[in-house]
Amino acid sequence: MGTVKAVCMSREKGTRKENIGEAVFIENHGMDGDAHAGNWHRQISILSYERIEEFRKKGADVEFGDFGENLVVQGYDFKSFPIGTRFWCNEVVLVLTQIGKECHHGCEIFQTMGDCIMPREGVFCVVEHGGVIRIGDELKILE
């Protein structure tokens, strides 16, 4: 099982996401108020807390949300799950739709570090069932 360490959003594209502590997830849309929400396959982005911590140990000065992730979760290596994996948190059900993404090398993290973990460690989901997720909630794999 995983533990939610951050819930992040941004109201405008091109701005860093801020850790807001909790959010409403809307079925077939994404996080309420998030600039990247919509009817597409990347409604929610997730990064592993452990991968962020490893990146910090390499000297990266990054906060939760800096990679554009909506959720930071401790306890899972998300890139190891197959497409179609379903996660459950409270009443929210997320379905994994994409692992990694093409990096635009203009991102500030890549410019500073020469690397960015989101392209290889980040995963994307759609919201199959909505509800609220808060810091401290448990994220489980739905069998």
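Is Arg 51 buried or exposed, and what is its relative accessibility? At 17% relative accessibility, Arg 51 counts as buried, where buried means under 20% relative accessible area, exposed over 50% and partly exposed in between (1.4 Å probe, protein chains only).

Before the views, a word on the model. This is a predicted model, in which local features need pLDDT of at least 70, side-chain atom pairs count only at pLDDT 80 or more, and totals for chains, interfaces and linings use all residues. Residues are numbered from 1 along each chain as its sequence is written, and side-chain values use heavy atoms, with hydrogens and water left out.

**View 1. Arg 51 and Glu 54 form a salt bridge.** Such a bridge is a side-chain nitrogen of Lys or Arg within 4 Å of a carboxyl oxygen of Asp or Glu. Here the closest N and O atoms are 2.9 Å apart. Both residues lie in helix H1 (residues 49–57), about one turn of the helix apart; helices (H or I, at least four residues) and strands (E, at least two) are DSSP runs, numbered from the N terminus. Glu 54 is partly exposed at 41%. Together with Asp 77 and Lys 79, Arg 51 and Glu 54 make up a network of salt bridges.

**View 2. Lys 17 meets Asp 34 in a salt bridge.** The N to O distance is 2.8 Å. This pair links distant parts of the chain, 17 residues apart. Both Lys 17 and Asp 34 are buried.

**View 3. Asn 28 has a positive phi of about 60 degrees.** Asn 28 sits in the loop between strands S3 (22–26) and S4 (30–31).
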